[in-house]
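Please have the sequence and the 3D view open as you read.

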Amino acid sequence: METSFYRSALLVTLSLFFFFIPVSISVPFILFHGFQDQCSNGGVRSFTQLLRNLSGSSGSCLEIGNGEEDSASMPLTQQARIACEKVKKMKELSQGYNIVAQSQGSLVASGLIEFCDNAPPVVNYISLGGPHAGISDIPDCAVRPSPDYCQELRAMVYTDYAQDNIAPSGYVKIPTNMSEYLAHSKYLPKLNNERPNQRNSIFKARFTSLHNLVLVMFQGDTIVVPKESSWFGYYPEGASTPLLPPQQTKLYTEDWIGLKTLDAAGKVKFVSVPGKHLQMARDDVVKHVVPYLKN
């Protein structure tokens with residue numbers, strides 16, 4: 001009788017001990033590639049595999065449409081909607097997941113976080129060279145200006161045709177033409193809660209629910225102009241100078257999407273790495289990306 005009692009007591013004690021041991025839960029990740037790229041391309045496949053190997057976590061690249069063509073021609077609103085529907089169907093993400101996003105893919109990822117109803121939670125979000133505050137000019141015009149050609153493109157960028165058929169038009173934000181941008185750009189003003197009479201508290205709440213936001217800026221970036229847009233830095237409204245650090249923009253000071261709230265909680269990592277756009281050294285991947293993908 002006494003032996004049976006002690007055996008039962010021991011079993012209860014051991015059960016309680018194991019019940020309180022922390023359990024390691026594997027959080028998978030998904031990767032969003034950038035403009036005119038696709039999941040099957042060698043660089044994206046290699047990077048996805050590298051992240052799996054280094055982190056020990058499962059992960060995959062999430063493709064939208066046919067990848068290369070649709071990343072250029074499909075409006076970002078539609079890309080974010082497709083991403084939302086795909087993520088909700090992936091059972092392995094149902095308990096939460098991490099995101100790694102490259103360049104334009106960062107804006108698709110942000111749209112997924114903010115706009116997607118009844119979606120699984122995003123834990124950590126790592127953005128590599130994402131144009132979060134927009135780009136200040138038409139791609140190529142900022143680097144190789146052709147006055148007549150670029151002037152024509154600037155006049156077209158906020159038309160319905162451009163907004164509905166050229167993905168980057170959704171985040172071209174010409175600082176000296178903010179009235180047209182706010183009135184006719186169909187993606188970034190909504191994503192960043194920039195329109196004073198249309199700010200959405202749900203978008204802000206979803207963005208601030210992140211555990212960590214890692215913003216990687218490439219010091220030699222000539223694709224995202226200004227490169228500080230990767231940190232949400234940008235120009236003041238109506239002027240092309242000075243370049244404001246993120247903490248001095250209205251988006252931050254008035255906390256339109258919760259960036260200030262996240263930063264105050266120590267959840268934002270402003271990372272600067274050497275190299276051109278998306279040229280990230282393995283050591284920097286290990287240091288700045290992998291820790292947020294591990295269990």
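## About the model

This is a predicted model, in which local features need pLDDT of at least 70, side-chain atom pairs count only at pLDDT 80 or more, and totals for chains, interfaces and linings use all residues. Residues are numbered from 1 along each chain as its sequence is written, and side-chain values use heavy atoms, with hydrogens and water left out.

## The chain as a whole

The protein chain has 13 helices and six strands. Helices (H or I, at least four residues) and strands (E, at least two) are DSSP runs, numbered from the N terminus. Of the 295 residues in the chain, 49% are buried. Here buried means under 20% relative accessible area, exposed means over 50%, and partly exposed lies in between (1.4 Å probe, protein chains only).

Contacts, meaning heavy atoms within 4.5 Å, also tell you about the fold. Among contacts with a separation of 6 or more, 70% are between residues 24 or more positions apart.

## The sheet

The six strands form an open, parallel sheet in the order E2-E1-E3-E4-E5-E6. Strand E2 (59-61) and strand E6 (268-273) are the edges, each pairing on one side only. Two strands pair if DSSP finds at least two bridges between them. From one strand to the next, the twist averages 15°. Axes are lines fitted to C-alpha atoms, for helices over the stretch in contact, and angles run from 0 to 180 degrees between N-to-C directions.

Ala101 has Ser127 in E4 as its bridge partner. Helix H2 (residues 42-55) packs on this sheet and touches strand E1 (29-32), E2, E3 and E4, with its direction at about 155° to that of E1.

## Helix H5 and Ser106

How many of the residues of H5 are buried? The count is 11 of 11, so H5 is mostly covered. Among the buried residues are Gly105, Leu107, Glu114 and Phe115. The cover over the buried residues of H5 includes E1, helix H4 (76-89), E3, E4, H9 and H10.

Ser106 sits in helix H5. Ser106 counts as buried because its relative accessible area is 0%. Apart from neighbours within four places in sequence, Ser106 is in contact with Ala101, Tyr125, Ser127, Leu128, Gly130 and His132.

## Two loop residues

Arg195 lies in the loop between helix H9 (188-191) and helix H10 (201-208). Is Arg195 buried or exposed? Arg195 counts as buried because its relative accessibility is 15%. Setting aside neighbours within four places in sequence, Arg195 is in contact with Tyr181, Leu182, Ala183, Ser185, Pro189 and Lys190. Ala183 is 12 residues from Arg195 in sequence and 8.7 Å away in space, C-alpha to C-alpha.

Pro236 belongs to the loop between strand E5 (212-218) and helix H11 (250-253). With 22% relative accessibility, Pro236 counts as partly exposed. Beyond neighbours within four places in sequence, Pro236 is in contact with Pro175, Thr241, Pro242 and Leu244. Pro175 and Pro236 are 61 residues apart in sequence, yet their C-alpha atoms are 7.3 Å apart in space.

## A cavity and a pocket

Rolling a probe the size of a water molecule over the atoms shows where empty space is left. On a 1 Å grid over the protein atoms alone, a cavity is a set of points where a 1.4 Å probe fits but cannot get out, a pocket is an open set with protein on both sides within 12 Å along at least five of seven lines, and lining residues have an atom within 4 Å of a point. Grid points are joined across faces, edges and corners, and a volume is the space filled by probe spheres set on the points.

The structure holds one cavity of 30 Å³ or more, and the largest cavity has a volume of about 100 Å³. Its lining has 13 residues, with His33, Ile64, Ser71, Gln79 and Val108 closest to the centre. Helix H3 (68-73) and helix H5 (105-115) each supply at least two lining residues. The second largest pocket holds about 350 Å³ of space. Of its 20 lining residues, Lys173, Glu194, Glu237, Lys250 and Trp256 lie nearest the centre.
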